[in-house]
Amino acid sequence: SNVIYKGTCSCKDFYIGETKRNADIRWREHCSLKKSSEVGDHLLANPGHTITWQILTNAPKQSYKRKILKAFYITKLKPPLNNQKDIKFTSLFRNGIT
């Protein structure tokens, strides 16, 4: 619970996410083809690909603080599977992060 996580596909593309809930449950939701997500869409378009999940760091309980931390990781790592346009906080980190 309350983590920032990374899902890496067998093709090396990856996704950064955050959740306040149990990470295993959230990861299963991403891989479910019944719900739309960047990871689910990628798996649907690429049958045979698999995702390996890892927790990057613990995150604050407050939703906005988790989202800011997620935005930091997205800006720093530039994950190909994240829809960057949907992340409101990434503009906070655009300058000066390499």
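## Surface and basis

The accessible surface of the protein comes to about 6100 Å², and 51% of that area belongs to carbon and sulfur atoms. Accessible areas come from the Shrake-Rupley method with a 1.4 Å probe; for residues, only the protein chains shown count as cover.

This is a predicted model: local features need pLDDT of at least 70, side-chain atom pairs count only at pLDDT 80 or more, and totals for chains, interfaces and linings use all residues. Residues are numbered from 1 along each chain as its sequence is written, and side-chain values use heavy atoms, with hydrogens and water left out.

## Fold

The protein has three helices and three strands. Helices (H or I, at least four residues) and strands (E, at least two) are DSSP runs, numbered from the N terminus. Their order from the N terminus is β-β-α-α-β-α.

Of the 98 residues, 38% count as buried. Buried means under 20% relative accessible area, exposed over 50%, partly exposed in between (1.4 Å probe, protein chains only). Take contacts (heavy atoms within 4.5 Å). Among those between residues at least 6 apart in sequence, 50% join residues at least 24 apart.

## Nonpolar cores

A nonpolar core is a set of buried Ala, Val, Leu, Ile, Met, Phe, Trp, Tyr and Cys residues joined through side-chain atoms within 4.5 Å. The largest has eleven residues: Val3, Tyr5, Cys9, Tyr15, Ala23, Trp27, Val39, Leu43, Ile51, Trp53 and Leu81. Strand E1 (3-9), helix H1 (23-31), helix H2 (38-45) and strand E3 (51-58) each give two or more residues to this core. E1 supplies the largest share, three residues.

A second, separate core has six residues, including Phe14, Ile16, Ala59 and Tyr73.

## Around Cys9

Cys9 belongs to the largest core. Leaving aside neighbours within four places in sequence, Cys9 is in contact with His42, His49, Thr50 and Ile51.
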